[in-house]
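Visitor: I would like to learn how to read helix packing and sheet order in a model. Could you walk me through this one?

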Amino acid sequence: MAEKILIVDDEPDVARLIGLVLERNGLEVVTATSGPEAIAKAAEVLPALILLDIMMPGMDGYEVCRQLRADPQLSHIPIIFLTAKNEVADRIAGFEAGADEYVSKPVHLGELTARVNGLLNRTAALRAALARSAHVVGILGVKGGLGTTTLAVNLAVSCASPPHAVNTILAEMLPGMGLASFMLGMGHTEGLGMLLRSSPGEISARLVENWLATHSTGLRLLFAPWLHQGTTPAWTPALAEAILHHLRRIGGGANHIDLVMINRAPSSQTMTVRMVQEAVNRSLTQVISPAPEAMFLTAQHRLPLVISDPQNMVSTQYQELAQKVLVHAAQARRATGSLQLVTGPLF
């Protein structure tokens, strides 16, 4: 089936000429001559791409683009501005409104066709990548203050760094209790806090992507704010699911459950591994040994232990856990090459 292209231009002859060229290249063309008609047509036909003029009476192309980007059902559609406005300020305004490309008139129709096909191909590749959903690892502590975030940060860094170098995102689902940014020395960031200002229906892949931070290891992160903000909406299951849906297209329940024992008690009071396994009737995947001095130094330097002291015994334990998690992910997803780690209360 031919992909639909929506051409928006208040000059019907221009739209007709461009449409004929695109149709000769195997594309189906739909046209609109005004901003409101363009938005209505986009919702009706869900085109694969929109060619959008800027200078139109009433609603101009900038506003059309902004409204399309604000609609969760239409925000993913690639948009090329095709316009006679060719000043640098015009281009900046176009990209700020949400355009993917900006082409000035007059343009050679062969070049325009190449730009359309190129953007369609890039979008198809992105859709294919999104269809290969990442493997989600939920990291949930049974009691607060026992090192759950420390475990999540060191595990995520281990997965993202060589020799694994897996595409990894750490999502900190702990509004008002975020510590990952401090542990990684990346300063305060509003990632999750900003997303919580949207309704579940307004959450989109583009919006989530905008609030991901990137660490020097290549690890990407959705940080939680350190403190609750008075204007931040309540953290709800609907918001959590909407955010996770765009971090990874959720497609089912857990494939595997790993139990990790983080040892923080004095040796005289610590339960043995055998006692813990008998109590929960499950094998432990990993035991993390106490290392108070090393952890104190990592807090001072604001670096995860696997970076500041990779040869430390506890670092080795984190790295071993990363290897086991990646093995489970590969078995469950046949090695998609992408991993999402989520820490926090997931209702």
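Visitor: How are H3 and H4 oriented to each other?

Guide: Two packed helices are described by the angle between their axes and the distance between the axes. In this predicted model, H3 and helix H4 (residues 88-97) pack at about 20°, with axes 8 Å apart. Axes are lines fitted to C-alpha atoms, for helices over the stretch in contact, and angles run from 0 to 180 degrees between N-to-C directions. H3 and H4 are therefore roughly parallel; angles under 35 degrees count as roughly parallel, over 145 as roughly antiparallel, 65 to 115 as roughly perpendicular and the rest as oblique. Helices (H or I, at least four residues) and strands (E, at least two) are DSSP runs, numbered from the N terminus.

Visitor: Which residues of H3 and H4 meet?

Guide: From H3 come Tyr62, Cys65, Arg66 and Arg69, and from H4 come Asp90, Ala93, Gly94 and Ala97. Contact means heavy atoms within 4.5 Å. By class, this H3 and H4 contact has four nonpolar, one polar and three charged residues. Here Ala, Val, Leu, Ile, Met, Phe, Trp, Tyr, Cys and Pro count as nonpolar, Asp, Glu, Lys and Arg as charged, and the others, Gly among them, as polar.

Visitor: At what angle do H2 and H3 pack?

Guide: Helix H2 (residues 35-45) and helix H3 (residues 61-70) pack at about 25°, and their axes are 9 Å apart. Gly35, Ala38, Ile39 and Ala42 of H2 make the contact with Val64, Gln67 and Leu68 of H3. Those residues divide into five nonpolar, two polar and no charged.

Visitor: In what order do the strands of the sheet run?

Guide: Five strands form an open, parallel sheet in the order S2-S1-S3-S4-S5. Two strands pair if DSSP finds at least two bridges between them. The edge strands, pairing on one side only, are S2 (28-32) and S5 (101-104). From one strand to the next, the twist averages 20°. S5 and strand S4 (residues 79-83) pair over four bridges, and Tyr102 in S5 is the bridge partner of Phe81.

Visitor: Which strands do the helices H2 and H3 lie across?

Guide: H2 lies across strand S1 (4-8), S2 and strand S3 (49-52), at about 145° to S2. H3 lies across S3, S4 and S5, at about 175° to S4.

Visitor: What is the mean pLDDT of the chain?

Guide: pLDDT is the predictor's confidence in each residue, from 0 to 100. The protein chain has a mean pLDDT of 79, and 80% of its residues reach 70 or more. Over residues 249-255 the pLDDT is below 50, and this stretch has eight contacts in the model beyond near neighbours in sequence.

Visitor: Which conventions apply?

Guide: Residues are numbered from 1 along each chain as its sequence is written, and side-chain values use heavy atoms, with hydrogens and water left out. Local features need pLDDT of at least 70 and side-chain atom pairs count only at pLDDT 80 or more, while totals for chains, interfaces and linings use all residues.
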